[in-house]
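Colleague: I would like to learn how to read a model of this kind, feature by feature. Could we go through it together?

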Amino acid sequence: MTLMTETAQAQTHGEFLPYLMNRVISQINAPMQRELKRRGMTMTHWRVLGFLAERDGLIISELAERTVTDQATLSRALDRLQERGLIRRQVVEQDSRQTEIHLCPAGREQYEALVPVACAIEDWAFQRIDASQRAQLRQILETISHTLGASVEQSRSVDADDDAARSAA
């Protein structure tokens, strides 16, 4: 049996908001990905450098959450960045199971060289959107992100409760 909501019945695939958002993001990311490829980097590398530029010394799990990257993929990206001298790993003294990631001077230079490119792409993509519309879009996207984040946290909580109930039985 297939369930169709009113929303699903009233729109074509091209009108489906997640599809439209994905298409727009792909179009915005394409020129940045070309520039990154020219520099031997990926979007994950760019995100890592960006978050470390904002807050150096993040532990891997924090970096994975911020970059929205699974830890296995992130680990490979970190290996590549470290090989290139852009980041360094440091074991946390108080907890040797955790590793902090630090931006090296070359990593900061690479990040700072890419910021104007990223800003130019954003300006190009949003050239017909005024400041108030940008602020509204940012607020809407943050609301969606918060809603989805809360949903993920709620499902993790339910899973943990289920695991605890199974263990107790």
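Predicted model: local features only at pLDDT ≥ 70, side-chain atom pairs only at ≥ 80, totals over all residues.

Colleague: How many helices and strands does the protein chain have, and in what pattern do they follow?

Modeller: Helices (H or I, at least four residues) and strands (E, at least two) are DSSP runs numbered from the N terminus. Here the protein chain has seven helices and three strands, and along the sequence they follow the pattern α-α-α-β-α-α-β-β-α-α. Contact means heavy atoms within 4.5 Å; of the contacts with a separation of 6 or more, 49% are between residues 24 or more positions apart.

Colleague: What share of the residues is buried?

Modeller: A residue is buried under 20% relative accessible area, exposed over 50%, and partly exposed in between (1.4 Å probe, protein chains only). By that rule, 23% of the 169 residues in the protein chain are buried.

Colleague: What span should α3 have, and which of its residues are buried?

Modeller: The buried residues of α3 include W46, V48, L49 and L52.

Colleague: Which polar contacts does the side chain of T67 make?

Modeller: A polar contact is a pair of N or O atoms within 3.5 Å; within protein, one must be able to donate a hydrogen and the other to accept it, and residues adjacent in sequence count only if both atoms are side-chain atoms. T67, in helix α4, has a side chain that reaches the backbone oxygen of L63 at 2.8 Å, and a polar contact of 3.0 Å joins the side chains of T67 and T69. T67 counts as buried because its relative accessible area is 1%. Beyond its neighbours within four places in sequence, T67 is in contact with R47, V48, F51 and L74.

Colleague: Is V68 buried or exposed?

Modeller: V68 has 74% relative accessibility and therefore counts as exposed. V68 lies in the loop between α4 (60-67) and α5 (71-83), and its phi is near 55 degrees, a positive value in a residue other than glycine.

Colleague: Where is H102, and what does its side chain meet?

Modeller: H102 is in strand β3 (residues 95-103), and a polar contact of 3.0 Å joins its side chain to that of E100. With 11% relative accessibility, H102 counts as buried.

Colleague: What is the volume of the largest pocket, and which residues are closest to its centre?

Modeller: On a 1 Å grid over the protein atoms alone, a pocket is an open set of points where a 1.4 Å probe fits, with protein on both sides within 12 Å along at least five of seven lines, and lining residues have an atom within 4 Å of a point. Grid points are joined across faces, edges and corners, and a volume is the space filled by probe spheres set on the points. The largest pocket has a volume of about 1800 Å³; of its 35 lining residues, I25, I28, N29, F126 and L141 are the closest to its centre. α7 gives the most to this lining, with ten residues.

Methods
Residues numbered from 1 in each chain as written. Heavy atoms only, no water.
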